[in-house]
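I opened a new notebook page for this structure.

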Amino acid sequence: MNTPEGPQAERLRRLPTRLTNGAALIANRLVDQALARAGARRYHYALLATLEEFGPASQAELGRRTGIDRSDVVAAVNDLAERDLLERTPDPGDRRRNIVTITPAGRKQLADLDRLLAAVQDDYLAPLSATDRRTFVDLLTRLTEHHSGR
């Protein structure tokens, strides 16, 4: 990896953690730009995908499933509810909680975002063959799963 000032020191270019961080920064930029063009954010996608896959959930459960901080879940749910992409209803078992459900418009938005993010994945992984892409994803999955218990 080079900087505007020239090449980096060899020992920096060979650190897997540094390379992973650099790749993550590039991936995040590509995803954020694509989502912004669609009027969405990462949290929106995470919440819609989680609701679509697992069904209605409390805001607290959504936070746990997505790893999003509770206050950020509330803000994102408010935003998505204002756009009729999900709805909140009081939990019949505990009126202090809301149950969040994806709406048909939310499912359509999620499908649109899935297509958009698939294109981002193709752009990000463009220099890799199909086999290399599968290997790359497998290696990242193994690293993430190994360290997620810490």
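**Entry 1: a strand pair.** I started at Arg88 and found that Arg88 stands opposite Val100 in β5. The model I am reading is a predicted one. I then looked up the two strands concerned. β4 covers residues 86-91 and β5 covers residues 94-102, and they pair in the antiparallel sense. I noted six bridges between β4 and β5. A second pair of facing residues is Asp91 and Asp94, the latter in β5. How many residues does the hairpin run through in joining β4 to β5? I found two residues in that hairpin.

**Entry 2: the other partner of β5.** I next looked up β3, which pairs with β5 in the antiparallel sense over two bridges. Ala57 stands opposite Val100 in β5. For Ser58, the bridge partner in β5 is Ile99.

**Entry 3: the sheet.** In what order do the three strands of the open sheet come? I wrote down β3-β5-β4, with antiparallel pairing. I then asked why one side of β3 and one side of β4 is left without a neighbour in the sheet. β3 (57-58) and β4 stand at the edges and each has a single partner strand, so one side of each has no neighbour there.

**Entry 4: α2 against α6.** I turned to the helices. Helix α2 takes in residues 16-37 and helix α6 residues 104-124. Their axes are 10 Å apart, and the packing angle is about 145°. I recorded the crossing of α2 and α6 as right-handed. On the α2 side, the contact is made by Ala23, Ala24, Ile26, Ala27, Leu30, Val31, Ala34 and Leu35. On the α6 side, I listed Leu113, Leu116, Leu117, Val120, Gln121, Asp123 and Tyr124. By kind, the residues of this contact of α2 with α6 are 13 nonpolar, one polar and one charged.

**Entry 5: α3 against α6.** Helix α3 (residues 42-54) also packs with α6, at an angle of about 115° and with the axes 10 Å apart. Is the crossing of α3 and α6 left-handed or right-handed? I noted a left-handed crossing for α3 and α6. From α3, the residues are Tyr45, Leu48, Ala49 and Glu52. They meet Gly106, Arg107, Gln109, Leu110, Leu113, Asp114 and Leu117 in α6. The residues of the contact of α3 with α6 divide into six nonpolar, two polar and three charged. Leu113 and Leu117 of α6 were already on my list for the contact with α2.

**Entry 6: rings.** I searched the whole structure for aromatic pairs and the search found zero. I did find a charge over a ring: the charged end of Arg65 sits over the ring of Phe54. The distance from the centre of the Phe54 ring is 3.9 Å.

How values were computed
Residues numbered from 1 in each chain as written. Predicted model: local features only at pLDDT ≥ 70, side-chain atom pairs only at ≥ 80, totals over all residues. Heavy atoms only, no water. Phe/Tyr/Trp six-rings, centres within 6.5 Å; stacked < 30°, edge-to-face > 60°. Lys NZ or Arg CZ within 6 Å of the ring centre and 35° of its normal. Axes fitted to C-alpha atoms, helices over the stretch in contact; angles between N-to-C directions. Helix = DSSP H or I, 4+ residues; strand = E, 2+ residues; numbered from the N terminus. Left-handed = near helix turned anticlockwise from the far one by under 90°. Contact = heavy atoms within 4.5 Å. Nonpolar A, V, L, I, M, F, W, Y, C, P; charged D, E, K, R; others polar. Pairing = 2+ DSSP bridges.
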